[in-house]
Amino acid sequence: MSALRFLAGPTAFNTLAEQGLNPECFTQLLAASGGPKWLGIAGLDKYLFAEFFKDRQTPLYTLGASSGAWRLACLAQQDPLKAYGRLEDCYIGQRYDSRPTPREVSTQVKGVVQGILGASGAGEIVGHPNIHSHLVVCRGKHLNRLTHKLPLAAGLAFTAATNLVSRRSLAWHFERVVFSQQVAASPFLQLNDLPSQQAKLTAANMNDVMLATGSIPLLLAPVTKIEGVAYGQYYDGGITDYHFDLPLSHAKGLTLYPHFYPTISPGWFDKSLSWRQGRSHYHNALVLAPTAEFVASLPFGKIPDREDFKQLDTAQRIKYWRASVALSERLGEEFAEVIAKGNLMERLEHF
């Protein structure tokens, strides 16, 4: 039984047919929002970060939102595996033994962020010579600037309603802010699908940016002060970019996307909109996703998700999540096996 799917857009399919799984073919790397879902593909991440992109000498532009940004923050540190281990321990180790307030959740998530970065991670990320990180954060506008539960809930409901008509309406409600080292050659400095502000990522604002990109409205408190940008209510980057659907036709090289689904929901409010699945911008991408058979083999027959906090007690959830991480090692092993055997074309599917 195969555990991993290789899904390639037309341009990527042709390039991979000629060059195989050469890490230098890939110049972009994406990591999606999705709460704990990344635990189901952690083993794939760790192989890619520690082996596939090991000792990379050419630029790799990474783009992440929410927990995806946290994963990519591990890649840009001097010891990606050690950083990823801290992410796993801190994320899985969250404990909510009663119904927490947004500020109480934010306090725990601050601990996760601090764990990921450790003593020197912020400086290592912004100073990395080849891994150029981009973290997406959303700034609330109009009703979404309000922090009280009822007006914010109304703002989110209005956002969802207008998004039904057009994804571009998100610009009325939230502003996408992309924090990066602002390298001139970055393809993520030219985003025009939604109005986007570009901001400087620094060691001084790294903690706040990392917290903001994972601050889900109503569940966590907003981050209000981030060095380098105006005061505001900064929230989860997945609001505008849940799985990403970005016009990257100008990007050089291929995009690699280790993902927990074989489908793309562009924004947070598109999750239930079956007619709005992003694929048109993935002509130059290779999407790596677990097979349905692999997912069925996980405890409870699914990858971890945020509902586990409600449905399971802390001990059950931690056991389940750690088991999922352990089983996900198979994804990395299968990727490595395809490289060793050189049989990618037997596995490659059109996306």
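Q197 touches E175, R176, V177, V178 and V229, leaving out residues up to four places away in sequence; contact here means heavy atoms within 4.5 Å. Q197 is found in strand β6 (residues 196-200). Helices (H or I, at least four residues) and strands (E, at least two) are DSSP runs, numbered from the N terminus. At 24% relative accessibility, Q197 counts as partly exposed. Buried means under 20% relative accessible area, exposed over 50%, and partly exposed in between (1.4 Å probe, protein chains only). The C-alpha atoms of Q197 and R103, 94 residues apart along the chain, are separated by 27 Å.

This is a predicted model, in which local features need pLDDT of at least 70 and side-chain atom pairs count only at pLDDT 80 or more, while totals for chains, interfaces and linings use all residues. Residues are numbered from 1 along each chain as its sequence is written, and side-chain values use heavy atoms, with hydrogens and water left out.

Is N163 buried or exposed? N163 is buried, because its relative accessibility is 0%. Beyond its neighbours within four places in sequence, N163 is in contact with S169, L170, F269, D270, L273 and R276. L164, in turn, is partly exposed, with a relative accessible area of 47%. Between the C-alpha atoms of L164 and F269, which are 105 residues apart along the chain, the separation is 8.3 Å.

L164, V165 and W275 make a nonpolar surface patch of about 380 Å². Patches consist of residues with over 30% relative accessible area and no salt bridge, like charges being joined within 9 Å and nonpolar side chains (Val, Leu, Ile, Met, Phe, Trp, Tyr) within 5 Å. A salt bridge is a side-chain nitrogen of Lys or Arg within 4 Å of a carboxyl oxygen of Asp or Glu. Accessible areas come from the Shrake-Rupley method with a 1.4 Å probe; for residues, only the protein chains shown count as cover. W275 belongs to the loop between β8 (254-258) and β9 (285-290) and is exposed, at 58% relative accessible area.

**Polar contacts between side chains**

A polar contact is a pair of N or O atoms within 3.5 Å; within protein, one must be able to donate a hydrogen and the other to accept it, and residues adjacent in sequence count only if both atoms are side-chain atoms.

| Side chains | Distance |
|---|---|
| N163 and D270 | 2.8 Å |
| S66 and D236 | 2.9 Å |

S66 is placed in the loop between β3 (60-65) and α3 (67-75). With a relative accessibility of 5%, S66 is buried. Apart from residues up to four places away in sequence, S66 touches S33, T213, G214 and D236. T213 is one of the buried residues of helix α9. In α9 (residues 206-213), 6 of the 8 residues are buried.

**The nonpolar cores**

The largest nonpolar core has 98 residues, and F6, L16, F26 and L286 have the most contacts inside it. A nonpolar core is a set of buried Ala, Val, Leu, Ile, Met, Phe, Trp, Tyr and Cys residues joined through side-chain atoms within 4.5 Å. Helix α12 (residues 314-341) gives this core its largest share, 7 residues. Another core, of 9 residues, lies apart from it and includes L194, Y235, I239 and F269.
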